[in-house]
Structures are given as C-alpha cells and as structure tokens.
Amino acid sequence: MKTDSFRGKDFLTLLDWSKEEVETILDLALDFKRRYAVGELHNHLLPAKSLFMIFYNQSLRTRNSFEAGMTQLGGHAHFLDPSKIYTPAMPGKEVAYSTERVSDVARVLSRMGDAISIRCYGDPVDWLYGGSHELIKNFAYWADIPVLNMECDKYHPFQALADIFTVKEKMGTFKGTKFVMSWAYSPSVHKPRAVPQSAIIAASMMGMEVVLAHPEGMELDDEVLAACSNYAKRANGSFTISHDMREAVKDAHVVYPKAWCATPIFQPPVGQNDHAKTQAIFDANKNWICNANLMKLADPEAIYMHCLPADRSYEVTDEVIDGPQSVAFDEAENRLHVQKAVMALTMK
Ligand code: CP
C-alpha cells in the first residue's frame, strides 16, 4: 500500500476500502487516542483546513466528534443546515430559489475547503432505499475534495470503524471473536439500516465469527449480506443469520442489539411504502430487548455495544447499558479517534 493512497479518497462505505487500509486507519486512530490521552497536540496535521458538514438529519455524536476532531487537527468544521442554505437536491427534486443542485453545491464547496461530509437518510429522500446513498455518491462525483459519509440509508462507515476499534481495544483480537449484531425493539420505526449493515461488513472483513439476528421482515440488503459472506470466507471467519435472539447471543463475545427499520417502510420495489405494516412487525417483536437475562447467555466476559442514541427500556435495560459489560460510551468516544484518522489520511 502506497503511503499516500488515502489522499483525496472519498469515504462512502467500507466496501470501497481494503482490509489493509482499514487496519491502517485503526492503527492511526489508536496513535491519536494515545496522543490525546497524554495531551500531545497534533494540530499541525490539518492547519487552516475546512470540513463542510451537511446534516439533513439530527445528530449528537457525529456532529460533535467531527467538529472536535477538526479542531484537534488544526482545522475547522462548518455546520451546514440544509434548510438554511439552498437545500442540495438531485435533478428532478429541485424547487426554485429553495434548493440548489448537488452538482453546483459540490463544485462551489470544492473551491473553498478541503472535504465535504454528509448525513442523509429517511424522510429527506422519502424513504426511497438507496436514495440518500445516491445523493452522497453524486456529491462525490462532482466534488474535487474528499466526500465523507456521515450516515446514509445504507452505510454508516465511521460508526463501523469505531465499533471494530472498540472490539479490538476490549478483546485484543478479532480472531475467534463471536460478534452478534441483533435487532432490538424500539417504539420508533424510523432508524435506518446503516449501522447494522456497516457493522456486519466491518466485523466480517476483520474475520470475526459474525451472527446477524433479527425477526422476519427486518432483513438487510442482499448485497451487504453477500459481501459479508465473501469477507468471512476470505478472512477465515464466519457469517450466519438467525431469527432467534437468545440462540444467537449464546457464548457471544460482543452483543450489539439495536433497532432498524422493517423492509415495508421503503418505497417500491424494495418495500411497499406501508407504515402500518412496518408498525405491525415492530409491535409483534417487543420481546427483542437486551436485558440482564439475555447477557447471561453470552460469554461471561462479553461486552455490550450500542452506537447510541439508545432507546432505554425498549432496546436495552438501564441495568445493561449502565452496567460493567457496557462499552457504549467508549464506542462513542472512539468515533472521534477513527474520524480524525480518516480525515488526516484523506484531507492531508
Ligand atoms: N451513532 C451516531 O451516529 O450518533 P448520532 O446520531 O448522535 O450522530
């Protein structure tokens, strides 16, 4: 791998990056974390560089970890609310003096700064599955600077980097680590598939023993599942699917339960744009919760993970998320370190 192979590269999904590149990011993130711990400044890495952050959806962790990360690297992050600029829109979705074509926004920002990061999923693209990923890819096509995916309807690659970084930190190894990504109930039916899809991609790429557990109707993208099977074969790991949360969690080293939306919520051809059917699937599976009894089925040293925000009392009990096995807050902090690594590598 050439040392400058990262420079100028977009970060849209881990599927575009090799295992070797991902391992380099994790190594650099660990270096940044250690430097940060001893108060060593590294603000000479991106001096006077600008990151433009466009958030179509809400965020606590992503926004603040990118903003703090840019400050620590010596640059600045601009927060852009699409409703307060001319909302970047794809051809066919434009409204006079209210939106601005993505190609124009991407080219303007490329003249002024050093990277563009975007979060977009769900309502802004009318639940057209893949619609927000296409929008971000369109930004990447037109921009001359790196485009970073801060979560679309398919992928949340920075969350996945923080997830596997946390596993490495806690377990010391990926080999033989049973990683269970499970659906869990939430009263909201609107959480995207991006986190579980990126988590299983990352875990399979690293060669873990990956189990995806969910009720019928919560299936993930076939292309993602196929990629996971391929990664598992290549890395001598495994990838299996279960419809039984308790069975899946048995002897797990990593228990990662969270809600994601059911297939019927998407527009055809993926779903039926049927919110009532989506709600019915959720309501039939309220027993998919991570509590102390579930954690007892896992390995005694197992860790509990969640990308946050968690729906307490639904996805997880307070006892688990606030308990000794929870690494959810380390996982949140690690967003900062992995993102700094990607920004330093791509924006330098
Ligand atoms: N995990 C995550 O992406 O959190 P935010 O929605 O707060 O950014």
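In this predicted model, Pro-157, Gln-159, Ala-160, Asp-163 and Ile-164 of helix α5 are in contact with Val-195, Ser-198, Ala-199, Ala-202 and Ala-203 of helix α6, where contact means heavy atoms within 4.5 Å. By class, the residues of this contact are seven nonpolar, two polar and one charged. Here Ala, Val, Leu, Ile, Met, Phe, Trp, Tyr, Cys and Pro count as nonpolar, Asp, Glu, Lys and Arg as charged, and the others, Gly among them, as polar. The axes of α5 and α6 (residues 194–205) lie 8 Å apart, at an angle of about 50°. The two helices are therefore oblique to each other. Angles under 35 degrees count as roughly parallel, over 145 as roughly antiparallel, 65 to 115 as roughly perpendicular and the rest as oblique. The axes are lines fitted to C-alpha atoms, for helices over the stretch in contact, with angles from 0 to 180 degrees between N-to-C directions. Helices (H or I, at least four residues) and strands (E, at least two) are DSSP runs, numbered from the N terminus.

The model is a prediction in which local features need pLDDT of at least 70 and side-chain atom pairs count only at pLDDT 80 or more, while totals for chains, interfaces and linings use all residues. Residues are numbered from 1 along each chain as its sequence is written, and side-chain values use heavy atoms, with hydrogens and water left out.

The crossing of α5 and α6 is right-handed; a crossing is right-handed if the near helix is turned clockwise from the far one by less than a right angle, and left-handed if anticlockwise.

Helix α5 (residues 157–171) also meets helix α12 (residues 328–347), with axes that come within 8 Å and cross at roughly 115°. That angle makes α5 roughly perpendicular to α12. On the α5 side the contact includes Phe-158, Gln-159, Leu-161 and Ala-162, and on the α12 side Asn-334, Arg-335 and Val-338 are among the residues. This contact has six nonpolar, four polar and six charged residues. The crossing is right-handed.

A further helix pair is α3 (residues 102–110) and α4 (residues 131–142), packed at an angle of about 50° with axes 8 Å apart. α3 and α4 are therefore oblique to each other, and α3 passes α4 in a right-handed crossing. Val-102, Ser-103, Val-105, Ala-106 and Arg-107 of α3 meet Leu-135, Asn-138, Phe-139 and Trp-142 of α4. Six of the contact residues are nonpolar, two are polar and one is charged.

The ligand is surrounded by Ser-59, Leu-60, Arg-61, Thr-62, Arg-119, His-156, Gln-159, Cys-307, Leu-308 and Arg-335, a residue being near a molecule if one of its heavy atoms lies within 4 Å of it.

| Residue | Atom in the residue | Distance to a ligand oxygen atom |
|---|---|---|
| Ser-59 | polar side-chain atom | 2.7 Å |
| Leu-60 | backbone N or O atom | 2.7 Å |
| Arg-335 | side-chain N or O atom | 3.2 Å |

Leu-308, one of the residues around the ligand, has a positive phi of about 65° although it is not a glycine. Leu-308 is placed in the loop between β11 and α11. The peptide bond from Leu-308 to Pro-309 is cis, with omega near 5°. Pro-309 is found in the loop between β11 (303–304) and α11 (318–321). The peptide bond from Pro-268 to Pro-269 is also cis, with omega near 10°. Pro-269 belongs to the loop between β10 (254–258) and α9 (275–283).

Methods
A polar contact is a pair of N or O atoms within 3.5 Å; within protein, one must be able to donate a hydrogen and the other to accept it, and residues adjacent in sequence count only if both atoms are side-chain atoms.
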